[in-house]
Amino acid sequence: MMVAVGLIGLFWICVIFQNAASLSENGYKEMFEDFVKTHKRVYPTQSEMEHRYTIFKTNMKKAARLQRHELGTAVYGTNKFSDFTSTEVERLLTNDVTSVSGSGSTSFAATPKGRLPKRFDWRKRNVVTKIKNQQDCTSGWAFAVTGNIESLWAIKHKQLISLSEQELLDCSGAGQACLSAISTEDAYNAVIKLGGLHSEDDYPYVGTDRECTLNQSKIAVNISGVVSLSTDEADMARWLVKHGPIAARINAETMLSYTKGIANPSRWDCLPKINHAVLIVGFGTYKHKRKSLPYWIIKNSWGTSWGEKGYMRMVRGKAMCGLNSEAFSAIL
């Protein structure tokens, strides 16, 4: 049954993007029914279901527009966000960044020299933790920062420890951290000020704001500083190869419709309006229409049911979606 549902879903992805303009109301309804089955949606009332259907149809039209303008290999369509209201999306993404008083300073990283390999992927070296899920909380910034520190620690100490995002939410001084975000720079400086991070096991993620329960005796890792990286994507790639995965902020609006492939949306569909943070874990190059299509490998924090089992590939070298505009790394 699940295989059948999956095939139906794939069929409708193809239909909407090949013939979106002529898709009938019944076509959208069949897509919605498949979406409800696949994502196990249960709406409390008929009115709520009809409201969600209207949202779903609007989102599918947005996805169809993205597909028409797509210059890479990405497929946009249904995923777990397809019936999200604007309020629910705002809980995932935020344009507002809260400043934390008493934050430290950030230095600029020196750019490593040398030729770049055609591809590089830190996941293959067992220094990237499994995909996590920020749930109904504006905490992508915390996952990007902990992901960077997790990998740097594993590269240096040969020990991969899943670290606590909840500690950053509770103890960074950001206030209602699940309703806003702090800058990546402030998040790193909060880790320094706190003395380090607990492991996920000792300070588990709940995805809501709580009182800080920091225990200095249980600090698992610490950092000594933070650096801002070059906005040149070749320099970013060199840094990644030499030092490890990179925390970066991004405009994630097109990601809400992403399902797979290398995303290369039009610039008008993905302006550098930063509202999310991710971890860049590698890069590669794909032959597309007789041309090379360089891409980044991005680890997201929306669970394994999103994208390519929680990951995304995005075109590299075009400053796409602002991915190069705010890139940082911890210094151990």
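The model is predicted, so local features need pLDDT of at least 70 and side-chain atom pairs count only at pLDDT 80 or more, while totals for chains, interfaces and linings use all residues. Residues are numbered from 1 along each chain as its sequence is written, and side-chain values use heavy atoms, with hydrogens and water left out.

The chain holds 8 helices and 13 strands. Helices (H or I, at least four residues) and strands (E, at least two) are DSSP runs, numbered from the N terminus. Of the 332 residues, 55% count as buried. Buried means under 20% relative accessible area, exposed means over 50%, and partly exposed lies in between (1.4 Å probe, protein chains only). The accessible surface comes to about 15600 Å². Carbon and sulfur atoms supply 52% of that surface. Areas come from the Shrake-Rupley method with a 1.4 Å probe; for residues, only the protein chains shown count as cover. Among contacts with a separation of 6 or more, 76% join residues 24 or more positions apart. A contact requires heavy atoms within 4.5 Å.

Side chains of opposite charge can pair when their charged atoms come close. The structure holds 15 salt bridges, each defined as a side-chain nitrogen of Lys or Arg within 4 Å of a carboxyl oxygen of Asp or Glu. One of them pairs K132 with E150 at 2.8 Å, N to O. K132 sits in the loop between β4 and α5 and E150 in helix α5, so this bridge ties together parts that are 18 residues apart in sequence. K132 counts as buried because its relative accessibility is 12%. E150 is also buried, at 1%.

K132 has a further salt bridge, to E200, at 3.2 Å, N to O. This pair links distant parts of the chain, 68 residues apart. E200 lies in the loop between α7 (184–194) and β6 (225–228), whereas K132 lies in the loop between β4 and α5. E200 is buried, with a relative accessible area of 16%.

R238 is partly exposed, at 24% relative accessible area. Elsewhere, salt bridges that share partners join K132, E150, E165 and E200 into one network.

Q135 also occupies the loop between β4 and α5 (140–157). Its relative accessibility is 41%, so Q135 counts as partly exposed. Leaving aside neighbours within four places in sequence, Q135 contacts L92, Y205 and V206. Q135 and R91 are 44 residues apart in sequence, with their C-alpha atoms 9.0 Å apart.

On the surface, K118, R119, K124 and K287 gather in a patch of positive charge. Patches are made of residues with over 30% relative accessible area and no salt bridge; like charges are joined within 9 Å, and nonpolar side chains (Val, Leu, Ile, Met, Phe, Trp, Tyr) within 5 Å. Lys and Arg count as positive and Asp and Glu as negative, with His and the chain ends not counted. The place of a charge is NZ of Lys, CZ of Arg, CG of Asp or CD of Glu. K118 is found in the loop between β3 (107–108) and β4 (120–121). At 65% relative accessibility, K118 is exposed.
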